[in-house]
Amino acid sequence: MKVAVIGTGYVGLVSGVCLASRGHQVTCVDVNESIVERLNAAEPTIHEAGLPELLREVRNSGHFTASLDLYESLEDVELVIIAVGTPSENGQIDLRFVKQASTEIGKYIARHDRHISVIIKSTVIPGTTDTFVKEEIERSSGKSFGAFGLGMNPEFLREGDAIEDFNYPDRIILGYEDDKTLQRLESLYESWNVDKLRVNTRTAEMIKYANNAILATQISAVNEIANLAAAIGKIDVSEVMEGIHLDKRWNPWANGSRVSPQILTYLIPGCGFGGSCFPKDVQALRSQGESMGLSMDLLNAVLAINDSQPYQVTKILEAELGELAGKKVLLLGLAFKVGTDDVRESASAKIALALVNAGAKVTAHDPIATSNFKSAHPDIQKSIRFVEDWEGEVPSSQIIIIATKWPAYAALTSFDLKDKVVFDARRLIRPTDLQGARYLTIGRRL
């Protein structure tokens, strides 16, 4: 199938490359000439495991190309996928890029009688595809729905694991407003042997938001329990969660052994969730509910807990050590999670700001996200010293904070850490494995 994808961010590029690897003829469209040139040279423009190799493969096979020309890219396509960004603006999603894409597609439809299905893959609140997008295409094309098709195909990609998630999903949601579009979506994903749910576009949009909202709720619930455990004292919340993980409803038995599903990774205390999806999606769903007169109490609580959670790090440090002014602190990890250079809504930014405001002397490291962090936080970065050799900073540091769970930081167990404090905000290291250090973490006060 010949497919055009508008947008070359995480969703657009990963989707385009993975679809091309399944034999589809894919053109990714972007307005940035530098991005298009780099992609056509098989050079990824985002950091994602497995992407360099797969991009090179589909470029060599001729199944993938990048283009600046949307109209040329729409020639002979059956499906055009809109995968542009939907940034958050005061808790609500900004649809200007979706609108621009819809307008340009409408202008193409105005001059051609051929039926094209427009598929929204960008994350948009329920009711966007069958109202906002449909109306914009109708306005710019001068034609009514039926002259074109509409669908919604949400993504469930984890940054750092996006290629794996696209190629081996646990489900594919086929949202559609007309039968022809459903048929095309079925053909697009014919080679995927996985559960496929066929629903209208509003339901598809809601599945995406509900999925992230419920996962975020689990994280905030566990963090609130962790904070309470620490306040009570003589409790390690990791042991509490181990007891919960053994509940067969979370962790059932199969063929004589535990399944240990991935959902359990969302039941581990830490310094909060971040990234481009959870904060933005929960805020957007809350805003939509409030605009309809609902109080959205649960989502308000989820966000409030998460907003304050990174500050537990400095709060605990000050409670245990006193003032942080003048203390030499090594902050390990700036990305919001491992496997990505994305620093959007990263807990590290709040931790760094709190340390700087407390007068600490902060040195920071991340294997791949330092440049993005500096760009995203120009004010904070002026007060931080960034290094490439974090191990060389360990001897002179008084406090070491693990803020991102990069496996390399587990090497701390090989250091003599006498008289140092290690604050493991991500539970990377067992306290018994550290040599001489005082171990602190969220949800543990013994």
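1. Arginine 38 is a residue of helix α2, which spans residues 33-40; helices (H or I, at least four residues) and strands (E, at least two) are DSSP runs, numbered from the N terminus. The model is predicted: local features need pLDDT of at least 70 and side-chain atom pairs count only at pLDDT 80 or more, while totals for chains, interfaces and linings use all residues. Residues are numbered from 1 along each chain as its sequence is written, and side-chain values use heavy atoms, with hydrogens and water left out.

2. Arginine 38 is partly exposed, at a relative accessible area of 30%. Here buried means under 20% relative accessible area, exposed over 50%, and partly exposed in between (1.4 Å probe, protein chains only). Setting aside neighbours within four places in sequence, arginine 38 is in contact with Glu43, Pro44 and Thr45, where contact means heavy atoms within 4.5 Å. A polar atom of the arginine 38 side chain lies 3.0 Å from the backbone oxygen of proline 44. Between arginine 38 and threonine 441 there are 403 residues in sequence and 43 Å in space, C-alpha to C-alpha.

3. Strand β1 (residues 2-6) is mostly covered, with 4 of its 5 residues buried. The chain passes from β1 through helix α1 (residues 10-21) to β2 in a right-handed β-α-β crossover, a term that applies if, with the strands pointing away from the viewer, the path from the first strand over the helix to the second runs clockwise. β1 and β2 (residues 25-29) run parallel and are joined by 5 bridges; two strands pair if DSSP finds at least two bridges between them. Isoleucine 6 stands opposite valine 29 in β2. β1 is also joined to β4 (residues 79-82), in parallel, by 4 bridges, and valine 3 stands opposite leucine 79 in β4.

4. Glutamate 159 sits in the loop between β8 (149-152) and α7 (162-167). Glutamate 159 is buried, with a relative accessible area of 8%. Its side chain makes a polar contact of 3.0 Å with the side chain of threonine 340 (a pair of N or O atoms within 3.5 Å; within protein, one must be able to donate a hydrogen and the other to accept it, and residues adjacent in sequence count only if both atoms are side-chain atoms). Not counting residues up to four places away in sequence, glutamate 159 touches residues including Tyr10, Glu48, Ser276 and Arg344.

5. An open sheet has 6 strands in the order β16-β15-β14-β17-β18-β19, with parallel pairing. β16 (384-386) and β19 (438-440) stand at the edges with a single partner strand each, so one side of each has no neighbour in the sheet. The twist averages 20 degrees from one strand to the next. Within this order, β14 (residues 328-332) and β15 (residues 361-365) are joined by 5 bridges, and leucine 331 stands opposite alanine 364 in β15.

6. Helix α13 (residues 312-321) lies across β17 (399-402), β18 (421-424) and β19, at about 150 degrees to β18. Axes are lines fitted to C-alpha atoms, for helices over the stretch in contact, and angles run from 0 to 180 degrees between N-to-C directions. Helix α14 (residues 347-357) lies across β14, β15, β16 and β17, at about 175 degrees to β14.

7. The largest nonpolar core has 54 residues, and Leu331 and Leu417 are among those with the most contacts inside it. Such a core is a set of buried Ala, Val, Leu, Ile, Met, Phe, Trp, Tyr and Cys residues joined through side-chain atoms within 4.5 Å. Helix α14 gives the most to this core, with 5 residues. Another core, of 44 residues, lies apart from it and includes Leu74, Phe148, Ala213 and Leu299.
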